[in-house]
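Here is a short briefing on one protein model.

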Amino acid sequence: MHCGTRSEKEFLYQVLGEVIKAGATTVVIPDTVGISMPFEYGNLIADIKMNTPGIENVIIATHCHNDLGLATANTIEVPFNHHFTIYNFFE
């Protein structure tokens, strides 16, 4: 997935559900444009957790770019409020 923050949520849930069904053990939710605010990114991850079939069986990882200086804040938002594994790429 190129940028999870710009995808339609229903499409995102469907694609993630399909890759989980196909055997994925980790899904990465990227903000490759680096423009999401921390509360938006945290809410997106929470929405994915609530609406994606099988999500409880995989690791949810993040991938945040730093175009507007928000990568650290977005990365911290996710485990701080939603208790997920994080992976980050500062660019």
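A contact means heavy atoms within 4.5 Å. On that basis, residues 24 or more positions apart account for 74% of the protein's contacts with a separation of 6 or more. This is a predicted model: local features need pLDDT of at least 70, side-chain atom pairs count only at pLDDT 80 or more, and totals for chains, interfaces and linings use all residues. Residues are numbered from 1 along each chain as its sequence is written, and side-chain values use heavy atoms, without hydrogens and water.

**Fold**
- The protein has three helices and two strands (DSSP runs numbered from the N terminus: helices are H or I, at least four residues; strands are E, at least two).
- From the N terminus, the order is α-β-α-β-α.

**Core**
- Of the 91 residues, 44% are buried (under 20% relative accessible area, 1.4 Å probe, protein chains only).
- The largest nonpolar core holds 16 residues (buried Ala, Val, Leu, Ile, Met, Phe, Trp, Tyr and Cys joined through side-chain atoms within 4.5 Å).
- Val-27, Ile-29, Ile-48 and Ile-55 have the most contacts inside this core.
- Elements giving two or more residues to the core are H1 (9-21), S1 (26-31), H2 (38-51), S2 (59-64) and H3 (71-82).
- Beyond four places away in sequence, Ile-29 touches residues including Leu-16, Ile-48 and Ile-60.

**Helix packing**
- Lys-9, Leu-12, Tyr-13 and Leu-16 in H1 meet Leu-44, Asp-47, Ile-48 and Asn-51 in H2.
- The H1 and H2 axes lie 10 Å apart, at an angle of about 55° (axes are lines fitted to C-alpha atoms over the stretch in contact; angles run from 0 to 180 degrees between N-to-C directions).

Methods. Buried < 20%, exposed > 50% of the residue type's maximum accessible area, 1.4 Å probe, protein only.
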